[in-house]
Amino acid sequence: MVEIAPSLLSADFSRLEQEIGDIEQLGIKMLHLDVMDGHFVPNITFGPGLINSLRPLSKMIFDVHLMIEQPERYVVDFVKAGADIVTVHVEAAVHLHRLLALIKEQGVKAAVALNPATPLSSIEWILPQLDMVLLMSVNPGFGGQAFIPEAVAKIRALKTMMKEQGIEIPIQVDGGINRDTAPLVVEAGAEILVAGSAVFGQRDRGDAIRQILKGVAMVRE
């Protein structure tokens, strides 16, 4: 089943309670929260404090994507704030296996993200420790970027790698996802689609979600 995870980065921060309430009422089960530190990526967003304030307002899965340096220093804080899934970048982790173990010790799911130019070989030997893999289809740091088409082949290659190891975990894709690109990544093997401006940037969020899922359904038939 394909799932859309709207990215809070594209929401109206002056009315976040209403924003997340609106999409939850539309049947969205997962909220993607992009944490940026201004070092690993050229932007700064928010920290555990904001997530902690939003947690009582929603029953959605909080999918926390850490685009930060030294993520091992902050994992516990983000879990305490309400993260259900913690995704760390392979490029930011010195001891990735140890970091994944730390995340799982907190009782939440552990995922790894790869930037567009990062090879899949970087996670080949830790796939059994993962609950999800996030493939970036833009270079991280800003919302509203154009989809990088080479991501499609990378999704297919990851799907093949997982089959060879007998691993069945979801592939998440983040960056430039809309009603045109969603069918491409789903056909390649993606199951969770992070969509920012394609959902929060639309006046009719319900119709935007339906249009994305409509295109995906045609691919899966």
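Predicted model: local features only at pLDDT ≥ 70, side-chain atom pairs only at ≥ 80, totals over all residues.
Gln-172 stands opposite Ile-192 in strand 8. Gln-172 itself belongs to strand 7.

Strand 7 covers residues 171-174. From it, Ile-171 and Val-173 point one way, while Gln-172 and Asp-174 point the other way. All four of these residues are buried. On one side, strand 7 pairs with strand 6 (residues 132-136). The sense is parallel, over 4 bridges. Within this pairing, Val-133 stands opposite Ile-171. Strand 7 also runs parallel to strand 8 (residues 192-195), and 3 bridges join them.

Is Gln-172 buried or exposed? Gln-172 has a relative accessible area of 0%, under the 20% cut-off, so this residue counts as buried.

His-65 sits in strand 3 (residues 61-67). The relative accessible area of His-65 is 0%, and the residue is buried. Which residues does His-65 contact, leaving aside neighbours within four places in sequence? They are His-32, Leu-33, Asp-34, Val-35, Thr-87, His-89, Ala-113, Leu-134, Met-136 and Asp-174. One of these is His-89. The C-alpha atoms of His-65 and His-89 are separated by 8.4 Å, and the two residues are 24 apart along the chain.

**Nonpolar cores**

The largest nonpolar core has 68 residues. Val-112 and Leu-193 have the most contacts inside this core. Helix 5 (residues 151-165) gives the most to the core, with 6 residues. A second, separate core has 6 residues, among them Met-30, Ile-85, Ala-111 and Met-132.

What does Val-112 touch, not counting residues up to four places away in sequence? The list includes Thr-87, Val-88, Val-90, Leu-96 and Leu-100. It also includes Ile-123, Ile-126 and Leu-130. Met-132, Val-133 and Leu-134 are touched too.

**Aromatic rings**

How many aromatic pairs does a search of the whole structure find? The search finds 1. Phe-13 and Phe-46 form this pair, with 6.1 Å centre to centre and 40° between the planes. The pair is tilted. Why tilted? An angle under 30 degrees would count as stacked and one over 60 as edge-to-face, so 40° falls in the rest.

The pair links distant parts of the chain, 33 residues apart. Phe-13 is in the loop between strand 1 (3-6) and helix 1 (16-25). Phe-46 is in the loop between strand 2 (30-36) and helix 2 (48-54). Phe-13 is partly exposed, whereas Phe-46 is buried.

Elsewhere, Arg-55 lies over the face of Phe-62, at 3.6 Å from the ring centre.

**Accessibility at a glance**

| Residue | Relative accessible area | Class |
|---|---|---|
| Phe-13 | 40% | partly exposed |
| Phe-46 | 11% | buried |
| His-65 | 0% | buried |
| Gln-172 | 0% | buried |

Conventions
Residues numbered from 1 in each chain as written. Heavy atoms only, no water. Core = buried A, V, L, I, M, F, W, Y, C linked by side-chain atoms within 4.5 Å. Buried < 20%, exposed > 50% of the residue type's maximum accessible area, 1.4 Å probe, protein only. Helix = DSSP H or I, 4+ residues; strand = E, 2+ residues; numbered from the N terminus. Contact = heavy atoms within 4.5 Å. Phe/Tyr/Trp six-rings, centres within 6.5 Å; stacked < 30°, edge-to-face > 60°. Lys NZ or Arg CZ within 6 Å of the ring centre and 35° of its normal. Pairing = 2+ DSSP bridges.
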